[in-house]
Amino acid sequence: MTTPAPKRIEVRDFRCGLLPFRPMRFAVLLCLVAAVSSCGDDDSTPLDASADARPFGCPSHPAPLANPGDDLGGDTWETFASGFFETWCTRCHSSTLVGAVARGGAPDGLNWDDEATVRENLDLIREVVGVTNEMPPRGDKPSCDDRERLARWIDGGAP
Ligand code: HEC
(Lines give C-alpha, C1' and ligand atoms only; values in the text may rest on other atoms or scores of the structure.)
Protein backbone atom coordinates (compact mmCIF):
# COMPACT_ATOMS: atom_id res chain seq x y z
CA MET A 1 0.00 0.00 0.00
CA THR A 2 2.96 2.27 0.10
CA THR A 3 3.71 2.12 -3.63
CA PRO A 4 0.61 3.94 -5.11
CA ALA A 5 1.14 6.94 -2.92
CA PRO A 6 4.34 8.06 -4.65
CA LYS A 7 2.57 7.66 -8.05
CA ARG A 8 -0.17 10.11 -7.05
CA ILE A 9 2.40 12.51 -5.80
CA GLU A 10 4.28 12.20 -9.09
CA VAL A 11 1.10 12.98 -11.09
CA ARG A 12 0.24 15.97 -8.93
CA ASP A 13 3.75 17.26 -9.18
CA PHE A 14 3.73 16.87 -12.95
CA ARG A 15 0.41 18.67 -13.42
CA CYS A 16 1.23 21.38 -10.98
CA GLY A 17 4.54 21.83 -12.72
CA LEU A 18 2.97 21.88 -16.18
CA LEU A 19 0.21 24.40 -15.46
CA PRO A 20 2.42 27.32 -14.60
CA PHE A 21 4.87 26.38 -17.33
CA ARG A 22 3.05 27.99 -20.27
CA PRO A 23 2.31 31.19 -18.36
CA MET A 24 5.96 31.13 -17.34
CA ARG A 25 7.09 30.90 -20.95
CA PHE A 26 4.77 33.73 -21.82
CA ALA A 27 6.10 35.73 -18.91
CA VAL A 28 9.67 35.06 -20.00
CA LEU A 29 8.79 36.23 -23.50
CA LEU A 30 7.21 39.38 -22.08
CA CYS A 31 10.31 39.99 -20.00
CA LEU A 32 12.51 39.57 -23.06
CA VAL A 33 10.38 41.98 -25.10
CA ALA A 34 10.37 44.44 -22.21
CA ALA A 35 14.10 44.07 -21.77
CA VAL A 36 14.79 44.61 -25.47
CA SER A 37 12.49 47.61 -25.77
CA SER A 38 13.72 49.16 -22.55
CA CYS A 39 17.26 48.59 -23.78
CA GLY A 40 16.36 50.67 -26.80
CA ASP A 41 14.99 53.38 -24.53
CA ASP A 42 17.98 53.13 -22.24
CA ASP A 43 20.30 53.53 -25.19
CA SER A 44 18.58 56.57 -26.62
CA THR A 45 17.44 58.40 -23.49
CA PRO A 46 20.83 58.78 -21.79
CA LEU A 47 22.43 59.67 -25.13
CA ASP A 48 19.87 62.39 -25.71
CA ALA A 49 20.13 63.49 -22.10
CA SER A 50 23.91 63.65 -22.19
CA ALA A 51 23.82 65.51 -25.49
CA ASP A 52 21.52 68.03 -23.84
CA ALA A 53 23.64 68.12 -20.71
CA ARG A 54 26.81 68.86 -22.68
CA PRO A 55 25.86 71.12 -25.59
CA PHE A 56 28.96 71.72 -27.71
CA GLY A 57 30.91 69.43 -25.40
CA CYS A 58 30.59 71.36 -22.14
CA PRO A 59 28.18 71.05 -19.20
CA SER A 60 25.06 73.17 -19.23
CA HIS A 61 24.49 75.29 -16.12
CA PRO A 62 20.89 76.49 -16.11
CA ALA A 63 20.85 76.76 -12.29
CA PRO A 64 22.74 79.53 -10.48
CA LEU A 65 26.34 78.65 -9.57
CA ALA A 66 26.64 81.39 -6.95
CA ASN A 67 24.63 84.01 -5.12
CA PRO A 68 25.28 87.73 -5.31
CA GLY A 69 27.99 88.60 -2.83
CA ASP A 70 29.55 85.13 -2.75
CA ASP A 71 33.32 84.80 -2.70
CA LEU A 72 34.32 84.43 -6.36
CA GLY A 73 38.01 84.01 -5.66
CA GLY A 74 38.67 87.61 -6.58
CA ASP A 75 37.04 87.49 -10.03
CA THR A 76 35.84 90.94 -11.12
CA TRP A 77 35.23 92.74 -14.41
CA GLU A 78 38.82 94.03 -14.18
CA THR A 79 40.57 90.84 -13.13
CA PHE A 80 38.62 88.27 -15.11
CA ALA A 81 35.55 89.11 -17.20
CA SER A 82 37.00 91.82 -19.45
CA GLY A 83 39.86 89.50 -20.32
CA PHE A 84 37.47 86.61 -20.96
CA PHE A 85 35.49 88.70 -23.48
CA GLU A 86 38.64 90.01 -25.11
CA THR A 87 40.02 86.52 -25.54
CA TRP A 88 36.88 84.75 -26.72
CA CYS A 89 34.35 87.28 -28.00
CA THR A 90 35.60 90.66 -29.23
CA ARG A 91 37.01 89.32 -32.48
CA CYS A 92 33.33 89.57 -33.52
CA HIS A 93 31.54 91.50 -30.73
CA SER A 94 33.60 94.70 -30.67
CA SER A 95 32.70 98.39 -30.98
CA THR A 96 35.80 98.72 -33.21
CA LEU A 97 34.32 96.35 -35.83
CA VAL A 98 31.79 97.74 -38.32
CA GLY A 99 29.72 95.73 -40.79
CA ALA A 100 28.48 92.19 -40.82
CA VAL A 101 31.61 90.76 -42.43
CA ALA A 102 34.04 92.39 -40.00
CA ARG A 103 31.81 91.39 -37.09
CA GLY A 104 31.54 87.79 -38.23
CA GLY A 105 27.77 88.25 -38.23
CA ALA A 106 27.63 89.38 -34.59
CA PRO A 107 24.61 91.70 -34.19
CA ASP A 108 25.30 95.45 -34.18
CA GLY A 109 25.41 96.89 -30.71
CA LEU A 110 26.33 93.66 -28.92
CA ASN A 111 29.85 94.81 -28.09
CA TRP A 112 31.56 93.04 -25.26
CA ASP A 113 34.49 95.46 -25.14
CA ASP A 114 31.99 97.86 -23.60
CA GLU A 115 31.38 97.12 -19.93
CA ALA A 116 27.99 98.89 -19.84
CA THR A 117 26.73 96.84 -22.79
CA VAL A 118 27.94 93.63 -21.18
CA ARG A 119 26.10 94.55 -17.98
CA GLU A 120 22.90 95.24 -19.93
CA ASN A 121 23.11 91.76 -21.48
CA LEU A 122 24.32 89.57 -18.62
CA ASP A 123 21.36 87.18 -18.80
CA LEU A 124 21.76 86.67 -22.53
CA ILE A 125 25.51 86.25 -22.23
CA ARG A 126 25.14 83.74 -19.41
CA GLU A 127 22.69 81.76 -21.55
CA VAL A 128 24.93 81.46 -24.63
CA VAL A 129 28.17 80.91 -22.68
CA GLY A 130 27.00 78.76 -19.76
CA VAL A 131 23.73 77.06 -20.75
CA THR A 132 23.53 76.51 -24.54
CA ASN A 133 27.31 76.98 -24.99
CA GLU A 134 26.60 78.26 -28.51
CA MET A 135 29.03 81.19 -28.28
CA PRO A 136 31.50 81.57 -29.80
CA PRO A 137 29.87 79.88 -32.81
CA ARG A 138 33.19 78.90 -34.43
CA GLY A 139 36.94 79.15 -34.04
CA ASP A 140 38.75 79.05 -30.71
CA LYS A 141 36.45 78.43 -27.78
CA PRO A 142 36.83 78.83 -24.02
CA SER A 143 37.33 75.75 -21.87
CA CYS A 144 34.39 74.29 -20.00
CA ASP A 145 35.96 75.59 -16.76
CA ASP A 146 36.14 79.12 -18.15
CA ARG A 147 32.51 78.98 -19.27
CA GLU A 148 31.54 77.90 -15.77
CA ARG A 149 33.71 80.63 -14.26
CA LEU A 150 31.98 83.32 -16.33
CA ALA A 151 28.53 82.00 -15.41
CA ARG A 152 29.57 82.01 -11.73
CA TRP A 153 30.87 85.58 -12.04
CA ILE A 154 27.48 86.64 -13.45
CA ASP A 155 25.53 84.69 -10.80
CA GLY A 156 27.73 86.18 -8.11
CA GLY A 157 26.60 89.66 -9.05
CA ALA A 158 29.23 90.45 -11.73
CA PRO A 159 31.48 92.48 -9.40
C1 HEC B 1 33.05 84.27 -34.75
C2 HEC B 1 32.21 85.38 -34.35
C3 HEC B 1 31.64 85.36 -32.97
C4 HEC B 1 32.30 85.20 -31.79
C5 HEC B 1 33.79 84.97 -31.55
C6 HEC B 1 31.30 85.31 -30.75
N7 HEC B 1 30.08 85.55 -31.31
FE8 HEC B 1 28.35 85.92 -30.30
N9 HEC B 1 27.35 86.08 -32.06
C10 HEC B 1 27.89 85.86 -33.29
C11 HEC B 1 26.84 85.84 -34.27
C12 HEC B 1 27.03 85.56 -35.75
C13 HEC B 1 25.66 86.06 -33.57
C14 HEC B 1 24.24 86.16 -34.15
C15 HEC B 1 23.71 84.80 -34.51
C16 HEC B 1 23.25 84.07 -33.35
O17 HEC B 1 22.58 84.67 -32.47
O18 HEC B 1 23.47 82.86 -33.29
C19 HEC B 1 26.01 86.23 -32.20
C20 HEC B 1 25.10 86.48 -31.19
C21 HEC B 1 25.41 86.59 -29.86
C22 HEC B 1 24.49 86.90 -28.82
C23 HEC B 1 23.02 87.19 -29.00
C24 HEC B 1 22.29 85.84 -28.93
C25 HEC B 1 20.80 86.02 -29.01
O26 HEC B 1 20.13 85.00 -28.78
O27 HEC B 1 20.31 87.11 -29.30
C28 HEC B 1 25.16 86.91 -27.65
C29 HEC B 1 24.62 87.18 -26.27
C30 HEC B 1 26.54 86.56 -27.97
N31 HEC B 1 26.65 86.40 -29.30
C32 HEC B 1 27.54 86.43 -27.03
C33 HEC B 1 28.81 86.07 -27.34
C34 HEC B 1 29.85 85.88 -26.34
C35 HEC B 1 29.65 86.10 -24.85
C36 HEC B 1 30.97 85.50 -27.00
C37 HEC B 1 32.30 85.11 -26.42
C38 HEC B 1 32.28 84.03 -25.45
C39 HEC B 1 30.66 85.48 -28.41
N40 HEC B 1 29.33 85.81 -28.58
C41 HEC B 1 31.57 85.19 -29.40
C42 HEC B 1 29.23 85.72 -33.59
C43 HEC B 1 30.22 85.56 -32.66
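Q: Among contacts in the protein chain between residues at least 6 apart in sequence, what percentage join residues at least 24 apart?
A: The figure is 60%. Bear in mind that this is a predicted model.

Q: How many helices and strands are there in the protein chain?
A: The count is 6 helices and 0 strands. Along the sequence the pattern reads α-α-α-α-α-α.

Q: What share of the residues in the protein chain is buried?
A: Buried residues account for 15% of the 159 residues. Here, buried means that 20 or more other C-beta atoms lie within 10 Å of the residue's own.

Q: How do I read a nonpolar core, and which residues have the most contacts inside the largest one?
A: Start with the general idea. In soluble globular proteins, nonpolar side chains tend to be buried together. In this model, the largest nonpolar core has 15 residues. Phe85, Cys89, Val129 and Leu150 have the most contacts inside it. Helix 3 (77-88), helix 5 and helix 6 are the elements that give two or more residues to this core. Helix 6 supplies the largest share, 4 residues.

Q: Which residues does Phe85 touch, not counting those up to four places away in sequence?
A: Phe85 touches Thr90, Trp112, Asp113 and Val118.

Q: How do I read the faces of a helix, and which residues of helix 5 are buried?
A: Again, the general idea comes before the case. An α-helix has 3.6 residues a turn, so residues three or four places apart point the same way. In helix 5, the buried residues are Ile125, Arg126, Val129 and Gly130. Looking down the axis of helix 5, these buried residues fall within an arc of 100 degrees, so they line one face of the helix. Asp123 and Leu124, on the other side of helix 5, are exposed.

Q: What covers the buried residues of helix 5?
A: The cover includes helix 4 (115-120) and helix 6 (144-155).

Q: Which residue follows helix 5, with a positive phi?
A: Asn133 follows helix 5. Its phi is near 55 degrees.

Q: Now the ligand. Which residues come nearest to the ligand?
A: There are 21 residues around the ligand. Cys89, Cys92, Gly104, Gly105 and Pro136 come nearest. Cys89 is also among the residues with the most contacts inside the largest nonpolar core.

Q: Which helix gives the largest share of the shell around the ligand?
A: Helix 5 (residues 122-131) does, with 4 residues.

Q: How does the shell around the ligand divide by class?
A: The shell has 14 nonpolar, 5 polar and 2 charged residues. Gly is counted as polar here.

Conventions: Residues are numbered from 1 along each chain as its sequence is written. This is a predicted model: local features need pLDDT of at least 70, side-chain atom pairs count only at pLDDT 80 or more; totals for chains, interfaces and linings use all residues. A residue is near a molecule or strand if its C-beta atom, placed from the backbone, lies within 6 Å of it. A residue is buried if 20 or more other C-beta atoms lie within 10 Å of its own, exposed if 12 or fewer, and partly exposed in between; C-beta atoms are placed from the backbone. The arc is that of the directions from the helix axis to the C-beta atoms. Two residues are in contact if their C-beta atoms, placed from the backbone, lie within 7 Å. A nonpolar core is a set of buried Ala, Val, Leu, Ile, Met, Phe, Trp, Tyr and Cys residues joined through C-beta atoms within 7 Å.
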